[in-house]
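Welcome! Take a moment to look over the sequence and the structure, and then we will walk through a few of their parts together.

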Amino acid sequence: MTTATHAPGRTGTPARKPATMAQALNQALRDSLAADPAVHILGEDVGALGGVFRITDGLTKEFGEDRCTDTPLAEAGILGTAVGMAMYGLRPVVEMQFDAFAYPAFEQLVSHVARMRNRTRGAMPLPLTIRIPYGGGIGGVEHHSDSSEAYYLHTPGLHVVTPATVEDAYGLLRAAIASDDPVVFLEPKRLYWSKSPWSPQEPAEVEPIGRAVVRRPGRTATLITYGPSLPVCLEAAEAAKEEGWDLGVVDLRSLVPFDEETVAAVVRGTGRAVVVHESSGFGGAGAEIAARITERCFHHLEAPVLRVAGFDIPYPPPMLERHHLPGVDRILDAVGRLQWEEA
Amino acid sequence: MTVLDTPAWRPRTDAAPLLPDPEPYRLLGTPEAAALDPALLRALYGQLVRGRRYNAQATALTKQGRLAVYPSSTGQEACEIAAALALQPQDWLFPSYRDTLAVVARGVDPVEALTLLRGDWHTGYDPHTHRVAPLSTPLATQLPHAVGLAHAARLSGDDVVALAMVGDGGTSEGDFHEALNFAAVWQAPVVFLVQNNGFAISVPLAKQTAAPTLAHKAVGYGMPGRLVDGNDAAAMHQVLTEAVERARTGGGPTLVEAVTYRIEAHTNADDATRYRDEAEITPWRGHDPIDLLERELTSRGLLDDALRSGTAADAEEMAASLRERMHTDPQLDPMDLFAHVYAEPTPQLREQQAQLRAELEAERQS
Ligand SMILES: Cc1ncc(C[n+]2csc(CCOP(=O)(O)OP(=O)(O)O)c2C)c(N)n1
C-alpha cells in the first residue's frame, strides 16, 4: 500500500465547488503530470479529442504530445510499450478505451505487468497505472459495459482500485499513479457525470490504496459494495428505513488489497451482510468477500452472507440491462432474506 | 486539391529502399572480408567457441537433472554473439527464451543466466546491471517492451538503443506486429533481430508465413528490412552494428532477419525425428558458423595453434566452472515467495506467509 507522495503542483486549497467524477479524474491526471515529469499518458484518442470520455481533456495541449500521447490502435502494444517505459523508470498511465477493449492487453497484464517485480526479485518494479472505464448502466451496445474486475483481482501482483465518489476519483488516481506497483484503475462509467462539491486533496490528505470506508453507519445489517453500485446501495439503505432496517454501507474502494479488517469489524457489529456488485456473481468479487467474512466472522453472523450481483449472462443489450443490474428492490429482497424471523 | 493529392492517397514513404537484399547478406569468404578487422574476427571466434561449449554444457546439465530444460542455440551462435557485441554498454538487450548465449556474451554471469531454467527463480540477474531484460518465455511479448524502453530513453534524451530478439515462429504473434508498428510510428531506436532457424518447435517456416522473407515484413511498417546469413558472424556483426548505429543517430528501427538453422531439437525434451529428416540438417552442418569463421581466419593466416588451443582452453575453463557451480544446490528461502509480489505485502499475503512459516517450522520439528 502506497501513499501519494508527489506535490500536486498547486498551492492553497481551492473552494469546494461541484464537479463531476470525470473532471476530478482529469484534474488528478493534470496534477500528476505537473508534479512528476516521469508521468506519461498513453492511449487511443487521448490527445486532441481528450479521450472518448474526455478524461484527458486538454492534457496534450498543456503538456505536449510526449506526455499525453495518441498511440496506434493496439491495446497490447499500448500496455507492452508502457511496460518498457516503466522498465526505464517512467511512470506510464495507460488509458484503455472501454472495459472490453482492454482484453487484447490481457497477456501483457498477466504475464508481465503483474509479474515483473516478482520475476526480478524486486529489482524491476513497474509503476504503471491502467485506467479502464468499466461497467454498465449507460445504454452501451455490446462490448461497452463489461465489469471485468474479477479477471484482474485474481491476478497476484496487480492492485485493483475503483472509486465511487468524486473525491475518491481524484485521491485514488493520484495514489495509483504514485504507487510503485501496477494498479488497475477501474472507472465506473455511469458515475463519470455524477457531481458533488469537491476540491482536490493535498497529497498528504490522499488516502493510501487499500482502505475501505464506511459510507453510512448502520446497526442492523451491512451492504458491502464498490464502484458503480455504491449509489444504488446508499439508495437502498435509505429506502430500508421504511422497513425498519438500519443498513450500513461499506465502500471497498480497493479490491486488491482487500481491507478485511474494516469489513470484518463492521460485519461483526451487525451480524448480517450483503455484498453487492454488478459483475456476474459466479466466481466474482462477492464470492471472495463472502467467503472471507464467513471465515473471519462466523460466530458473529446471524445469517449467511448473501450476494446481489449481475446474472451469470453475457452483458445484456441496453434495452434489457436494467433487469441485470442490481437495483434497490433486489438489494432489499436480499436484506429481507437475512433470517430476521429468528432474531 | 483532389483526393490524389491527399495524405491518405499518396504513399508516405518510398518502399524500394526498405526492401531487403534478394539473397542473405554474406561477408565471410567474400573479397570484402579482407577489410575486416582481425581483432574483431578473433573476438567473434573466441565468443562463438565459448558459446557452443556453453550450449553443450547446459544440455549436459539437463541430463544430470541440474536444469529443468535447455533450449540450445547450437548452430545459431553467430546471431547470439553478434547481437551482444553490436551493443554499447548503455544499450539494452531484450532476449527471448532461447537467447542465453547473447545474455552471457553481454556480461551476465553464466550461472545467473540459467536461474530460470534451473528453476530457483524466474530471473537470476538484476536487469539493470548489464541492461539485459529477463529472458522472455511468452513469445514476442518482449518486443513491445524494447520499443517502450527505447522510446522512454529517447524522451529522456539518453543515448540508448534497444535490441530485441525473436524467433521465426514469434513473428506470427500479434505482439510482433504491434511492436514493429509502434517502433516505426514513434521512430524508436530499436533493432529487431529475427532468428529464422527454420522451425517453431515442430512447425516449419512455410506454415508460419506466406511472406517472401520475414525481412520483407519490415516494409509494411515503413522500416528497412535486412536479410543476413545468420551463420556468418562477420555479416551479422556488421548488419546489426549498422542497424544499431542507425537507431542511435535518429534513423529509427530496423528489422533484421538472420537465416540460420536449429541444429538440435527444440529443447532436450523434444524429439525432432518426429517432424524433420536428418538429411535436411546435413547442408547446414556444412555451413557451420564456427567453421565459416575458422576458414576465414585460416585463409588470412590469423588462426594459429596458439589461438586455437587458447580459445578451446578458455571455453573448457568456462564449462568446468559452470559445471562445478551448477552442481551445488541453490540456497532457497521459501519466504521469498511472498517478498516481491508487491512493494508491501497485502494483509492476506502476510497471513499466508505466516502459514507457510508455521508449516516449515512443523516440518523441522518432525
Ligand atoms: C505466446 C506463446 N505461445 C506458445 C509458446 C510455446 N512455445 C515455446 S517455444 C515455441 C516455438 C517458438 O518458435 P520460434 O519463435 O521460431 O523460436 P525458436 O524456438 O525457433 O527459437 C512455442 C510454440 C510460448 N512460449 N509462448
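Which side chain meets that of Arg253(A) in a salt bridge? The partner is Asp168(A), at 3.0 Å from N to O. Here a salt bridge is a side-chain nitrogen of Lys or Arg within 4 Å of a carboxyl oxygen of Asp or Glu.

Before going further, note that this is a predicted model, in which local features need pLDDT of at least 70, side-chain atom pairs count only at pLDDT 80 or more, and totals for chains, interfaces and linings use all residues. Residues are numbered from 1 along each chain as its sequence is written, chains are lettered from A and ligands numbered from 1 in the order in which they are written, and side-chain values use heavy atoms, with hydrogens and water left out.

**Salt bridges**

Over all chains, a search of the whole structure finds 38 salt bridges. In the pair we began with, Arg253(A) sits in the loop between strand E11 (247-251) and strand E12 (254-256) of chain A while Asp168(A) belongs to helix H7, so parts that are 85 residues apart in sequence are tied together. Helices (H or I, at least four residues) and strands (E, at least two) are DSSP runs, numbered from the N terminus. Arg253(A) is buried at 4% relative accessibility, and Asp168(A) is buried at 8%. Buried means under 20% relative accessible area, exposed over 50%, and partly exposed in between (1.4 Å probe, protein chains only).

| Pair | Distance, N to O |
|---|---|
| Arg253(A) and Asp168(A) | 3.0 Å |
| Asp246(A) and Arg219(A) | 3.3 Å |
| Arg285(B) and Glu278(B) | 3.4 Å |

In chain A, Arg219(A) is exposed, with a relative accessible area of 63%. In chain B, Arg285(B) is partly exposed at 45%, and Glu278(B) is exposed at 53%. There is also a network of salt bridges that links Glu260(A), Glu261(A), Glu288(A), Arg292(A), Arg296(A) and Glu351(B).

**A buried strand in chain A**

Helix H7 (residues 166-178) also takes part in a right-handed β-α-β unit with strands E6 and E7 of chain A. Right-handed means that, with the strands pointing away from the viewer, the path from the first strand over the helix to the second runs clockwise. How many residues of strand E7 (residues 183-188) of chain A are buried? The count is 6 of the 6, so the strand is largely enclosed by the rest of the structure. On one side lie Val183(A), Phe185(A) and Glu187(A), and on the other Val184(A), Leu186(A) and Pro188(A).

E7(A) pairs in the parallel sense with strand E5 (residues 129-134) of chain A over 6 bridges; pairing requires that DSSP finds at least two bridges between two strands. Tyr134(A) stands opposite Pro188(A). Strand E6 (residues 159-161) of chain A is also parallel to E7(A), joined by 3 bridges, and Val160(A) has Val184(A) as its bridge partner.

Now look at Glu296(B), which lies in helix H11 (residues 289-299). Glu296(B) is buried yet has no salt bridge, and the nearest side chain of opposite charge, Arg300(B), is 4.4 Å away. For charges, Lys and Arg count as positive and Asp and Glu as negative, while His and the chain ends are not counted.

Asp99(B) is found in the loop between strand E1 (92-94) and helix H3 (100-105) of chain B. Asp99(B) is buried too, with a relative accessible area of 2%.
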